[in-house]
Amino acid sequence: MANNSTENLNRASEPMTGPPPVYEPTRTTSIRRWDGARRTTTNWDSIRRDPELWFPRGDCLVHFYAQGHSRRGASLRIPLAAIESSNCGPLLEQYSGKVNVESPSTASDHSSSSDQDYFNDHSPPAKHELFIPAPSGLTREASFRFHVTTRNFFAWMFEKPLVGDRLGHSLLSLLDRMNEFRGDEDENLEDMLAYLDSQEYTDFRSCPDHALAVLQFAERHELLDLWRDSFCHCAGMSDDLQSSAEYE
């Protein structure tokens, strides 16, 4: 069962060919947020602006498009010092943009009526901007998945819960993105395992979602002890596995 799950996830994470996205990315599957500490799974729809990753005093705006290609404004606002201290040299080198004080780079730009009050917080102007577009040639669905993983990279940085269509896919995609944005694969794996523990995704008790997701992750990266632990819990919860969204 684990082999089939990993193979399916591998296929789902491969880039799909097609015309480059023109409109704001959308998705056809529901996106969930996994709070491991509270052991809750809730719907999530904050790709445009994420309150969990919007720090009013943050001096770096993160946009999910190429510079000059949209006026949507930033999706995240974070402290640049956190990026620098997380050894994200490749990220800064590739995606840093030039701040334009006349561009939509403040918290209140083009906000909808539902979020205008929340983000119109009189924050000081940001001094830095990152523009992280999806690779060209992806479908709108694949483009959206790319942005979700980008969001999850910063969620890892600030120890926030992950979001996505399946937790197992989100874990695998996150580590791939860490390797891209940071470089050192050995350090990334260690930091990823620490993140799994801090978010309590490795607490498998009566939680098929956690056990199945981490089983897929451990199998992909040949983490024998973690694989054994998650597999034993899956075996103990065999009657409940088919009710999990992680089960394929």
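The questions below go from the whole chain to a helix, its neighbours and a sheet.

Colleague: What kind of model is this, and how are its residues numbered?

Modeller: Residues are numbered from 1 along each chain as its sequence is written. This is a predicted model in which local features need pLDDT of at least 70, side-chain atom pairs count only at pLDDT 80 or more, and totals for chains, interfaces and linings use all residues, while side-chain values use heavy atoms, with hydrogens and water left out.

Colleague: How many helices and strands does the chain have?

Modeller: Helices are DSSP runs of H or I with at least four residues and strands are runs of E with at least two, numbered from the N terminus. Counted in that way, the secondary structure comes to nine helices and seven strands.

Colleague: What percentage of the residues of the chain count as buried?

Modeller: Buried means under 20% relative accessible area, exposed means over 50%, and partly exposed lies in between, with a 1.4 Å probe and protein chains only. The chain has 248 residues, and the part that counts as buried is 47%.

Colleague: Is helix α8 mostly covered or exposed?

Modeller: Helix α8 covers residues 208-220 and reaches 18 Å from its first C-alpha to its last, close to the 18 Å expected at 1.5 Å a residue, where the expected span is 1.5 Å times one less than the number of residues. Its buried residues include P208, D209, H210 and F217. With eleven of its 13 residues buried, α8 is mostly covered.

Colleague: At what angle do helix α6 and α8 pack?

Modeller: Axes here are lines fitted to C-alpha atoms, for helices over the stretch in contact, and angles run from 0 to 180 degrees between N-to-C directions. Helix α6 (residues 167-181) and α8 have their axes 8 Å apart, and they pack at an angle of about 40°.

Colleague: By class, which residues make the contact of α6 with α8?

Modeller: Contact means heavy atoms within 4.5 Å, and the residues that make it include L171, L172 and L175 of α6 and A213, V214 and F217 of α8. Ala, Val, Leu, Ile, Met, Phe, Trp, Tyr, Cys and Pro count as nonpolar, Asp, Glu, Lys and Arg as charged, and the others, Gly among them, as polar. By class, the contact has seven nonpolar, four polar and three charged residues.

Colleague: At what angle do α8 and helix α9 pack?

Modeller: Among the residues that meet are A211, L212 and L215 in α8 and L226, W227 and F231 in α9. By class, this contact has nine nonpolar, two polar and one charged residues. Helix α9 covers residues 224-236, its axis and that of α8 are 8 Å apart, and the two pack at an angle of about 150°.

Colleague: Is V214 buried or exposed?

Modeller: V214 is found in helix α8, and, leaving aside its neighbours within four places in sequence, V214 is in contact with L171, Y201, F204, L226 and S230. Because its relative accessibility is 0%, V214 counts as buried.

Colleague: Where is Y201, and is it buried or exposed?

Modeller: The place of Y201 is in the loop between α7 (185-198) and α8. Leaving aside its neighbours within four places in sequence, its contacts include W34, G36, L167, L171, H210 and V214. With a relative accessible area of 0%, Y201 is buried.

Colleague: Which strands stand at the edges of the open sheet, and why is one side of each left without a neighbour?

Modeller: Four strands form this open sheet in the order β4-β3-β6-β5, with mixed pairing, and two strands pair if DSSP finds at least two bridges between them. Each edge strand has a single partner strand, so one side of each is left without a neighbour in the sheet, and the strands at the edges are β4 (76-78) and β5 (96-97).
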